[in-house]
Structures are given as C-alpha cells and as structure tokens.
Amino acid sequence: MKKFRAGVVGTGFIGVAHIEALRRMGNVDVVALADTSGADQKAEALCVPKGYASYKDMIDSENLDAIHICTPNSTHCDIALYAIEKGVAVICEKPMATSAEQAKKMADLAKEKGVVNAINFNLRFNPLPYQLKQMVKSGDLGEIFTVHGSYLQDWLYYDTDYSWRLEPELSGESRAFADIGSHWIDMVESVTGLKAVAVMADFATFHKTRKKPLKPIATYSGMALKPEDYAEVPITTEDYCTVMFKFDNGARGTVVVSQVYAGRKNQMIVSVGGSKCAAHWDSENGNELWIGRRDGYNQVAVKDPSVLYGETGKVISYPGGHVEGFPDTIKQNFISIYRAIGEHDTSKGDFATFEDGLREMLLCDKIVESAKKQAWVEI
Ligand SMILES: NC(=O)c1ccc[n+]([C@@H]2O[C@H](COP(=O)([O-])OP(=O)(O)OC[C@H]3O[C@@H](n4cnc5c(N)ncnc54)[C@H](O)[C@@H]3O)[C@@H](O)[C@H]2O)c1
C-alpha cells in the first residue's frame, strides 16, 4: 500500500487533531509541521521528524503528497495557493478563507492545476447524520418540509475570553456563523441534498468590548487575567446569530448559533421534518438519531453498523456500543480524502471540496449582507 507524506501547517488546537487522525489511518506519515510559533519544540513534542518556521520551506523541502492548513482563517488562501502551484494536494480547515473572493481564487487554481482539494467539514462524517443522509436519499423521510437546529458554545461567554477569532482581519467579517454556523449549514446541505436559495439573518454582539491579553494564548485554553495583562478592545463580529433559510424545494429552515450560551460546550443540533417522518440529531448524544412518526412508534437509531444502512457502515470503525465522535469524524473525512489523493480524483468521496467551501463562503457573505440590511437576501 502506498504511504503518503503529509505536512501540517499550524499545530494549535486542530492541527494536533489532524496529526492524531492521520496517524490513526496508518497509510499517512506526518513527515513535517510548520508553525510560526515554536515549530522545533512542537515537532519534538509531537514526535514529528521536522519543524519549519515557514510553510514555504516545508513545501519546498519535503516532497509532500498533501498539506493540512490548520492556521487562522486569514492565512488559508496564501498557503493553499502556494501548495497548489507546487502540485501538492490541500486539505484546508473551515472556513475556507475570510472572503468568497479568496475562496474562489483557491478553487479556480486547484481546478486549473488538477490538484485534489478538500475542506475539513468533518462533522458531516458523524455516523448518525451520515445515516440520515442515506435515509433522505432512500426516500425514508419523504419530502422535506423543515430543517432547524442550533450550534451552541460557551468558550467566549465572558468578556475576558479572547482569541484571534474575535479579530476580523484574522477571522473574517462574520465570527459565530463563519466559525460554527458553517459546520451546521454544510451538514444540512450535505445530509438533505437541499440548497439554500435565500437567507434572513439577525446578528448580535453582547460583549461590545473584550479584554485582549497582551500575550498570546491558545484556543480554548481558559484564563484568569489581571488588569495589567489586557487591553480593552472593541468587538465588531457577532457573538450570536439567528438565520432563517429558504431551500430550493420550498422547505424552510432556522438555525440559532451562539458562542456565549453557558454550559453548552460544543453542541450541534440538526432536526429535519419530512412528509413521512422527522429526524433529530444532537451532538451531545451523537451516537443516537431520534426518528419521529405521526402514525406509529417513535424510534431511536443507535450507532451500530449491523442495523444501519450499508453505506453508513463505511464511516464507522467500531461495533455498536463503542462511542464514536469528533476525532473519528476527522479520521473518516481524511480516509475519504486520501483515497481521492491516491486516485488523483476529487470527484470521488463524500468529503467537502473547495467548491463546497466556496459555496459556504458565498452563503456566509449573503448572511452578513442580510444581517446588515435586516432583510431577506437571495443566494
Ligand atoms: N473542523 C473543525 O472542527 C475545527 C475546529 C477548530 C478549528 N478549526 C479551524 O482550524 C483553524 C485553526 O484553528 P485553531 O483553533 O487550531 O487555532 P489555534 O490558534 O489553536 O492554532 C493556530 C496555529 O497556527 C499557527 N500559525 C498562525 N499563523 C501561521 C502561519 N502563517 N504559518 C504557520 N503557522 C501559523 C499558530 O502559531 C498556532 O499554532 C481555523 O481556521 C479554525 O476555524 C476547525
């Protein structure tokens, strides 16, 4: 079996998760990492053979099959363009960039150069949403009437919580939607096969200012700041948003996204109402899928490949009763992506491509526009 050579750019929170998932696959060697902060120490700590301060040096020196872009959003475009020019496959974190223009450049160049490209919309590889996708395809839900849900976190609950994600020049003009709402709409469009055709959004920023630490801190690290440790800075991106959707079959949708909802650490809910039954998935109970019926018993489908659709079994590694979650979704996404890299064909597999990432960026731009206009905006 061919072994692939991968390099990871950015080894903060998610870069380390990429390395772990790649190692679990067995057919990918993480031969190098690049990070602008402490590359050598990070390589040593993660047992990666070589650390580079510059991603360009890493790409030029390591004869890579693929790079993984796990850096702040504003850097994705330049890194991806450089790798694509060198013929290296790119797995980029979401959101794809900070604007649809950047995302289009990336998608166009990848297409022109014929380089395999992917976005880590890993959550669509949760087994039960994947089962829901097969159920929709098989007609089990009938016609879809409604899709609703939420994505809630509390890691930015206090005004002392700070991250590069609060700075639009690093993160983009939208924060809560771009950061986590993007996962929700990607999953909804992937699972239902529907496309949003219009959006109506309402944004709110509850902490108008936040205390920015005067020294760097890692994502999700938690902290206790003293007055001399921070500067009070204005915040322009949303802590919260509600978005209503109209879909191409006439279905309606709503999502509530918040990064300031106490007690919900990282909860995603997707509920689909169809003409034959409804289905509800909650990531906090992610190995189950509730199915609701008007004329019969409601059911709970559990993550057991022996009773789910055969297609769903392909994204499950363990038998029933053995919980699978966030790290497994990344592994399943990468299995699908590296299969495409091996076959030099992005059209194979269920992973999100740069075209999907670009679509999500366009949606995000329309959502920001709608929030500003306080009006429906067509996609
Ligand atoms: N798919 C998911 O579920 C998921 C989860 C978390 C984050 N993300 C995405 O991953 C990306 C990174 O987020 P994070 O939470 O890991 O951030 P982080 O701040 O924890 O880590 C970012 C790392 O990138 C490094 N870095 C910054 N600029 C760099 C550059 N130009 N070259 C090389 N290294 C650089 C930093 O030193 C740091 O180590 C973001 O786009 C984010 O939206 C996705």
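Modeller: Two residues are in contact if their C-beta atoms, placed from the backbone, lie within 7 Å. This is a predicted model, where local features need pLDDT of at least 70, side-chain atom pairs count only at pLDDT 80 or more, and totals for chains, interfaces and linings use all residues. Residues are numbered from 1 along each chain as its sequence is written.

Biologist: How many residues of domain 1 are in contact with domain 2?
Modeller: Domain 1 covers 4–122, and domain 2 covers 124–349 + 358–378 (bounds from an automatic or database domain assignment). Their C-alpha centres lie 23 Å apart. Domain 2 brings 33 residues to the meeting, and the number from domain 1 is 35.

Biologist: Which element gives the most to the side of domain 1 that touches domain 2?
Modeller: Helices (H or I, at least four residues) and strands (E, at least two) are DSSP runs, numbered from the N terminus. Those giving two or more residues to this side are strand S5 (89–92), strand S6 (117–119), helix H5 (100–113) and helix H1 (13–25). With 8 residues, the one that gives the most is H1.

Biologist: Let's visit helix H8. How far apart are its end C-alpha atoms?
Modeller: H8 runs over residues 176–192, which is 17 residues. The expected span is 1.5 Å times one less than that number of residues, so H8 should span 24 Å. The model agrees, with its end C-alpha atoms apart by 23 Å.

Biologist: Where does H8 bend?
Modeller: Compare axes fitted to the seven residues ending at a residue and the seven starting there; the angle between them is the bend. In H8 this comes to about 40 degrees, at Ser182.

Biologist: Which residue just after H8 takes a positive phi?
Modeller: Step past the end of H8 and look at the backbone there. The phi is about 75 degrees, and the residue is Gly193.
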